[in-house]
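Biologist: I would like to learn how to read a few features of a model like this one. Please take them one at a time.

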Amino acid sequence: MLVLMFTELSREPRAMRQVRAFAEDFEVTTAGIGASPFPTVPHIEIPAEVPGPFLRRAWRFAWRTLFWRMRSYTSYSRLQPHAQWVYNRLQREEWDVIIAHDVQTVPVANRLNSRNGVLVDLHEYAPRQYEHSEEWVRETAPYYDWICSTQITQAARVITVGEGIAHEYEKNYGFSPEVIVNATPYTEHNALDLHTPIRLVHSGIAAPARKLEIMVQGLRATELPMTLDLLLVHPEGSDYLEELRRLADGDSRIRILPAVPYAQLVQTLNQYDIGISIIAPTTFNHEWSLPNKFFDYVQARLGIIIGPSPEMSRYVDQYGLGVCARGFAAEDFAEILEGLTVEDVLKWKRNAAEHAAELSGERQMQRLGEIVRGMLPDSRQMAGR
């Protein structure tokens, strides 16, 4: 099995779960930018900057723009530096199964030798990935549309992260992805009693489009004896991070903290009471978000507060994991905080503990294993594993 991505494997929890799940049954090889976190799994390190005639960034942008404006997408997909490097490196290899992560890897994955085809893993709805950028919509979206129309339609199987995104692909491109959610591996934790004061936490990327200020402004609008920690991944010198710090300044209940390494995240989250996953629907993918953090909170045995996001609401309602705010404004979040009771939060934490195994990454990887076995000509070779 080849697990292929044009990103860093160590920053892709979804891909890392797949490597762990299949390493017992397959001879897995990974290919991605940078080093691998798996010392015993063969890894092909794709250079972040691929040497070649288009080494200079300005030249690369110029020829890419030329190909895209001419709609020469087949040519571009073959000459794109990472794709060309991967093809030159792997064209003589042969695989039983290739898992191609995200849209950009699909054209080169289709050209490699896979006896049983390619399984495409779409982490989001790619044609609207950066729809908040007019330049991206104008330049890049048509290329992603071409990949969806002509390349992903060749895949043996397709998976994605949520029902809403799967429906959108089926509606616009005719293929129907199977849903494998970004569930966190099972962790043995107790549903701890509540802290005094109640401890709120949010973990994730400090991205302006997610409107994290809703949480800061919402708590500041109350006088409740609660604390809020934001564990944030952010680029160096982030203006948005500084804006969040300014909003929190002067309120000792609110802390902006560095992100915790993923291997330590669930253990860290277990020291809180409620995880917050309010993601403003500023893009299609944000509207239909069902993020890693949601399942991190379940494994940490936390109650969960969300906005009215349809994918997360489905899980919150079905399993009794928390509460959904009426909207995505600060006053909606403040209203939820004002209405919290000790009994509610304890019930949510107990429900998270009760359903943690069912909502674990292991269950999702079992489903993915069934999909992969269905790609093999003789699935009996993996029966019972």
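Modeller: This is a predicted model. Start with a polar contact: the side chains of Arg-157 and Glu-178 are joined by one of 3.0 Å.

Biologist: Where does Arg-157 lie, and which residues does Arg-157 touch beyond those up to four places away in sequence?

Modeller: Arg-157 is in strand S8, which covers residues 157-160. Besides Glu-178, Arg-157 touches Val-118, Leu-119, Val-120, Ile-371, Gly-374 and Met-375. Take Val-120: 37 residues separate it from Arg-157 in sequence, while the C-alpha to C-alpha distance is 6.5 Å.

Biologist: How is the accessibility of Arg-157 classed?

Modeller: Buried means under 20% relative accessible area, and exposed means over 50%. Arg-157 has 24% relative accessibility, so it counts as partly exposed.

Biologist: Is His-286 buried or exposed?

Modeller: His-286 has 15% relative accessibility and therefore counts as buried. This residue is found in helix H12, residues 284-287. Neighbours within four places in sequence aside, His-286 is in contact with Ala-209, Arg-210, Ile-279, Ala-280 and Pro-281.

Biologist: At roughly what angle do the axes of helix H9 and helix H15 cross?

Modeller: The axes of H9 (residues 213-220) and H15 (residues 330-338) cross at roughly 55 degrees and come within 8 Å. That angle is why H9 is described as oblique to H15. Their crossing is right-handed.

Biologist: Which residues make the contact?

Modeller: H9 contributes Ile-214, Met-215, Gln-217, Gly-218 and Leu-219, and H15 contributes Ala-330, Phe-333, Ala-334 and Leu-337. By type, the residues of this H9 and H15 contact are 7 nonpolar, 2 polar and no charged.

Key:
Residues numbered from 1 in each chain as written. Predicted model: local features only at pLDDT ≥ 70, side-chain atom pairs only at ≥ 80, totals over all residues. Heavy atoms only, no water. Axes fitted to C-alpha atoms, helices over the stretch in contact; angles between N-to-C directions. Helix = DSSP H or I, 4+ residues; strand = E, 2+ residues; numbered from the N terminus. Parallel < 35°, antiparallel > 145°, perpendicular 65-115°, else oblique. Left-handed = near helix turned anticlockwise from the far one by under 90°. Contact = heavy atoms within 4.5 Å. Nonpolar A, V, L, I, M, F, W, Y, C, P; charged D, E, K, R; others polar. Buried < 20%, exposed > 50% of the residue type's maximum accessible area, 1.4 Å probe, protein only. Polar contact = N/O pair within 3.5 Å; in protein donor to acceptor, adjacent residues only side chain to side chain.
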